[in-house]
Amino acid sequence: MDLPPFPEKRPKGRIKGTKVNKKEREGEILFDHKLHKFFIQKGDEIIGHYDTMTEAFYYKKLLMDNHWDKSVLKTNVTQRIEVNIVIDQTKEYKVQINFCPKCKSRLKIDAEECPSCGINIKEYLYNN
Ligand SMILES: [Zn+2]
């Protein structure tokens with residue numbers, strides 16, 4: 001009789017449908033403390049360096065909308081220039097989101113903390 005494989009023989013890693021895949025699927029925005037710039041990381045790949053998180057978000061969304069085809073970064077050069085003009089780097093920009101990035105609860109405009117899970121939205125976005 002064949003016994004089922006021991007648990008340690010089973011492939012380790014991600015279970016389908018869990019949030020563990022999220023970073024790989026959607027990439028993440030990180031901050032390079034040496035360069036003082038935000039960058040997009042997807043898997044082992046680092047894409048772009050941006051002065052503001054707003055800009056990094058813009059490009060991450062663009063990449064996500066285009067299935068991570070990096071040629072969109074070239075075809076959107078015009079928009080990129082506009083973004084750079086609009087963003088005044090001496091000011092701190094608010095990222096307005098309607099849903100908590102952690103628990104997906106609805107947020108009020110300009111909310112700093114999630115009323116449901118209590119995270120500080122900005123800190124969470126910086127660190128995740
Ligand atoms: Zn929350």
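Predicted model: local features only at pLDDT ≥ 70, side-chain atom pairs only at ≥ 80, totals over all residues.
Residues are numbered from 1 along each chain as its sequence is written.

Three strands form an open sheet with the order S1-S2-S3 and antiparallel pairing, where strands (E, at least two residues) and helices (H or I, at least four) are DSSP runs numbered from the N terminus, and two strands pair if DSSP finds at least two bridges between them. Strand S1 (28-32) and strand S3 (45-50) are the edge strands, each pairing on one side only. Strand S2 (residues 37-42) is joined to S3 by five bridges, and Lys-42 stands opposite Glu-45 in S3.

Helix H2 (residues 53-65) packs on the sheet and touches S1, S2 and S3, its direction making about 25° with that of S2; such angles run from 0 to 180 degrees between N-to-C directions, the axes being lines fitted to C-alpha atoms, for helices over the stretch in contact.

The largest nonpolar core comprises seven residues, Ile-29, Phe-38, Ile-40, Tyr-50, Ala-56, Tyr-59 and Leu-63. The elements giving two or more residues to this core are S2 and H2, and the largest share, three residues, comes from H2. A nonpolar core is here a set of buried Ala, Val, Leu, Ile, Met, Phe, Trp, Tyr and Cys residues joined through C-beta atoms within 7 Å, with buried meaning that 20 or more other C-beta atoms lie within 10 Å of a residue's own, C-beta atoms being placed from the backbone.

Definitions and conventions: Contact = placed C-beta atoms within 7 Å. Buried ≥ 20, exposed ≤ 12 C-beta atoms within 10 Å, placed from the backbone.
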